[in-house]
Structure formats: structure tokens, C-alpha cells
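Subject: Handover of a structure

Dear colleague,

Please find below the structure that I am handing over to you.

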Amino acid sequence: MKMRFRVPVLACAAAFCGFSAFGAEKVSVAPGGGDDWQAITDAIAEADEQAVVELGAGEFVLTKELVVDRAVTLRGAGSGVTTLRHDTSAAASRVLSVSKGATVERLTVTGGLSGSNVAGSGVSVGKQSVLQDCEITGNRPSGWGTLNRGGGVYVNGGKVLRCVFHGNGVVDNNAFVNASSLYIDGGGIADSCLFYGDYASFQPPNNNAACGVVCVNSGVLRASTVVGNFSAGYPAVYLTDSSSYCKVRDCIVVANTYRAAWTQGGDSVIGWPSGKTQSVESNLTGEDAGLVDVSGGDYRLTGASKA
């Protein structure tokens with residue numbers, strides 16, 4: 001079986017990070033030391049189509065959701081170097097939404113604390129839009145009973161590429177299946193991502209929460225690693241009951257913890273409702289995945305891996 005390397009490299013060289021074509025407008029924004037929402041919003045609004053809005057190194061604090069809804073690129077200096085952080089002392093809010101052909105890349109997104117019925121506590125990615133080479137960490141719903149499709153990210157028709165998810169959470173809701181890391185909907189695609197250390201809490205008697213990824217309505221998860229997450233009861237990767245096939249291919253899904261065994265379609269690693277058929281193939285779900293040191297957090301592949 002031939003599969004791609006499973007751990008995204010976020011601090012990539014300029015030649016490989018999608019820098020804008022010659023002549024594209026660039027607008028630079030530096031952290032202001034207070035609420036940076038207005039400065040970034042103004043830069044996005046005033047930039048030409050296809051322009052690059054560059055965020056410098058440092059932490060940008062947001063007191064409300066940042067909306068990128070134009071065909072521009074919002075680019076940081078690298079994940080762990082540029083951070084968008086929701087100010088949790090402000091009203092509950094998603095950190096960022098990306099839509100209408102926008103691209104967001106090379107930054108860290110954290111502090112999302114969404115209210116009820118918000119899809120994605122950290123980021124929402126819409127059709128024809130891209131989130132790439134980012135770190136998504138420390139995002140969650142604001143409390144029990146919150147219907148939240150994705151503690152980290154909700155993608156509906158867009159793409160999530162080479163992103164790292166960790167430390168995101170979701171709480172159980174009796175009416176809807178939630179995902180601690182990523183919820184893929186509407187033909188959305190997640191490719192070459194890493195999910196680790198995310199958690200799906202539960203409030204008895206409910207347990208409708210997956211500890212990693214949920215796919216629905218032709219969602220696609222491929223060439224990604226889901227490792228070391230905790231589930232309230234649903235599998236690490238769950239393909240929901242929909243009329244359109246979801247696809248999980250060329251992934252590694254290992255060493256996740258479950259409160260209870262999954263008893264419907266598939267198993268506690270990759271599962272779906274009883275009586276449904278999904279497209280699941282060429283995945284590694286056992287110890288033969290061959291990661292260097294799971295307990296030590298080194299998720300690179302060994303030379304002996306079957307991947």
C-alpha cells in the first residue's frame with residue numbers, strides 16, 4: 001500500500017508555501033497590543049481581489065469572529081509564529097470563518113469558545129475556500145448541551161490541507177453527533193492532516209461524540225493520521241447516516257481511547273450506522289501503522305511501517 005507522509009510540515013520553505021504570483025497586492029498588518037479585529041477586517045475589506053493580507057509575527061487578539069469572505073489570502077508568518085486568539089473574556093465566539101473563495105494559511109487558531117448551534121468553534125470553512133498549513137488548538141463549545149459540529153473546524157464544501165489539530169474539545173449533545181477535531185460536510189475535503197490529543201466529553205446518558213473526525217454528505221478524509229484522542233463513545237472517525245457515501249482513504253487511525261465499544265457498522269476505530277455502506281479503504285488501524293513513538297508524541301512513520 002502506498003500512502004503519503006502523515007505528519008504535516010507547517011514551517012515550510014517559501015517556495016512550497018503558495019506565495020502569491022508576481023504582481024499580486026500585499027497588505028501587511030502587525031499586532032496592535034489590544035483588539036486587532038478592526039485592523040484585520042479593514043485590511044481584508046480594502047484589499048484587491050486575489051491580494052495577500054499578511055499578518056506579522058505575534059499574537060492577534062480578537063473580541064469577535066473574524067470574517068474572511070472575499071477572494072483574498074490571509075497569510076501568517078507560520079503556525080506557532082502568528083496566532084489568532086479569541087479573547088475568552090469577550091462574548092462566546094468562533095475565531096474565524098473563511099468563505100467565498102478565500103484562503104487562510106500559515107497561522108495558529110486558538111481560544112474559540114462557540115455558543116449554541118455554531119458549526120466549528122475554531123474555524124468554519126465554506127465552499128471553494130481553503131484552510132492550509134495551520135495549527136488548530138484549544139477551541140471548544142461554551143458548555144454542555146451545545147450542538148457544535150466540530151470543536152476545531154467545520155468544513156462545508158471547502159478544503160482543509162496539511163493542518164495539525166490538538167487540544168480541541170466538544171461536549172455531547174443528545175440531538176446530534178459532534179466531532180472534537182473536524183466535521184466534514186457537503187463534499188468537503190481534509191487531506192494530509194494530523195489529529196492528536198483532542199477530546200469528546202459526555203454528559204450521561206448521552207454519548208453522541210466522536211473523538212476525532214465526523215464525515216457526512218460526501219465528505220472526504222484522506223492521507224491523515226488520527227492518534228491519541230479520547231472519545232465519549234463514538235469511533236475516532238465516524239461516517240454519519242446520510243444518503244451520500246463518505247470516503248476515508250489512506251489514513252492511519254490508532255491508539256485512540258473510547259469510553260465504550262462501538263456496536264454498529266465498522267468498529268471503534270472507523271465506524272458508521274448499522275446497515276449503511278461507506279467507502280473505507282487502504283487505512284491502517286492497528287499497531288502495524290508503524291509510528292515512531294505514540295506515547296512520546298512522535299507520529300512520524302518508521303521505516304518498518306506498512307504505510
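This is a predicted model: local features need pLDDT of at least 70, side-chain atom pairs count only at pLDDT 80 or more; totals for chains, interfaces and linings use all residues.

Residues are numbered from 1 along each chain as its sequence is written, and side-chain values use heavy atoms, with hydrogens and water left out.

Salt bridges

Side chains of opposite charge can pair when their charged atoms come close. A salt bridge here is a side-chain nitrogen of Lys or Arg within 4 Å of a carboxyl oxygen of Asp or Glu. The count by this rule is nine. Three of them are described here, with strands taken as DSSP runs of E of at least two residues, numbered from the N terminus. Accessibility is given as relative accessible area: buried is under 20%, exposed is over 50%, and partly exposed lies in between (1.4 Å probe, protein chains only).

E54 pairs with K26, their closest N and O atoms being 3.8 Å apart. This pair links distant parts of the chain, with E54 in strand β2 (residues 52-55) and K26 in strand β1 (residues 26-29), 28 residues apart. E54 is partly exposed at 22%, and K26 is partly exposed at 43%.

E65 forms a salt bridge with R94, with 2.8 Å between the closest N and O atoms. E65 is in the loop between β3 (58-62) and β4 (66-68), whereas R94 is in the loop between β6 (82-86) and β7 (96-98). R94 is buried at 13%, while E65 is partly exposed at 24%.

In the salt bridge of D191 with R222, the closest N and O atoms are 2.5 Å apart. D191 lies in strand β21 (residues 189-191) and R222 in strand β26, so the pair ties together parts 31 residues apart in sequence. D191 is buried at 7%; R222 is partly exposed at 34%.

Loop residues

R106, in the loop between β8 (103-105) and β9 (108-110), has a positive phi near 65° although the residue is not glycine. A223 has a positive phi near 50°, again in a residue other than glycine, and is found in the loop between β26 (220-222) and β27 (225-227). R106 is buried at 10%, and A223 is buried at 1%.

G150 sits in the loop between β14 (140-141) and β15 (153-156) and is buried, with 0% relative accessibility. Beyond its neighbours within four places in sequence, G150 is in contact (heavy atoms within 4.5 Å) with G120, S121, A179 and Y183.

Yours sincerely

Technical notes:
Helices (H or I, at least four residues) and strands (E, at least two) are DSSP runs, numbered from the N terminus.
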